[in-house]
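Hi there,

Here is the structure I promised to pass on. Have a look at it first, and then read on for what turned up in it.

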Amino acid sequence: MLTGHTHIVGVIGDPVEHSRSPQMHNAAFAKAGLDYVYVPFHVRPDDLADAIAGFKAINVVGINVTLPHKQAVIRSVTSISREAELIGAVNTLTFVEGNIYGDNTDAPGVLKALEEDGNMSVPVGENAIVLGAGGAARAVVVALALRGVASITIANRTVEKAVSLAEEMDRKTGVSMQGMGLTDERLPLAVRESKLLVNTATTSMDVTQPLLISADWLQPNTIVYDIVYTPPVTPLMQAATERGCQTLGGIGMLVHQGAIAFEKWTGVTPCTQTMRQAL
């Protein structure tokens, strides 16, 4: 039951009605016996600064940030984490004693999903390849760079976006990166020489679409991680499994990035199994 003592957290976006975070977090609050409630707030871009100021004024504890506000909200924070600075986007706000702290939990969420759900280690000192060059790709690239991969290839339909992201992240992290198109003649070799392939492109959601790469390029010792979580087993994962690869789907990233935010707000480690069941 909501009372004057209930702590408020939530998510902002435009739109926000599709968010699955409320059921995930509210289930975890109930499981932990915490007097918190997680609410979706529809905030339009022109109202963003006013909304953040309002949350601060009424003592909201924390806010998740989704599209299209992840970059613009940086202007409202007091300080920003290293991951968020490198990614160039904030997905979690924490309000403490008049200060607003900006974090990005997607990068550590990627790593926790790999290591805890998939029981897989990031191949430190080895090559990795990332398909896609959008916001999710930025988080994945930063996570892998900070964990110590040797090099990262970013492949995307729009070549310019891949090249731009690779150049930016190479400069920011010091990890060797290259960007290329999906039809680049260098891509088959890049896939074959990578110990980890991460797909961030949403085309995996459509089972009628062809794979972005040829499954024949995958080596049996390659880890294939598709951060798309609908369907639970994507066509890329199915093809990779048939090639003898270890595979992992995307629901774990969603759970773990949420769990990290939960702990920042409450100081309590949530039951990730409860969060997963709610999703």
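Four elements each give at least two residues to the lining of the largest pocket: β3 (62–65), α5 (135–147), β8 (151–156) and α9 (251–266). Which of them gives the largest share? That would be α5, with five residues. Keep in mind that this is a predicted model.

The pocket itself has a volume of about 1,300 Å³. There are 46 residues along its lining, and the ones closest to the centre are T66, L67, K70, A136 and Y229.

How many cavities of 30 Å³ or more does a search of the whole structure find? One. The space in this largest cavity comes to about 110 Å³. Sorted by type, the residues around the cavity are seven nonpolar, four polar and one charged.

One last thing, this time from a record. An unreviewed UniProt entry lists residues 126–172 as "domain: Quinate/shikimate 5-dehydrogenase/glutamyl-tRNA reductase". In the model, that stretch is 57% helix and 23% strand. If you go from one end of residues 126–172 to the other, the end C-alpha atoms are 19 Å apart.

Definitions and conventions. Residues numbered from 1 in each chain as written. Predicted model: local features only at pLDDT ≥ 70, side-chain atom pairs only at ≥ 80, totals over all residues. Heavy atoms only, no water. 1 Å grid on protein atoms, 1.4 Å probe; cavity = no way out; pocket = protein on both sides within 12 Å on 5 of 7 lines; lining within 4 Å. Points joined across faces, edges and corners; volume = space filled by probe spheres on them. Nonpolar A, V, L, I, M, F, W, Y, C, P; charged D, E, K, R; others polar. UniProt positions renumbered as here; feature names shortened; annotations may be inferred.
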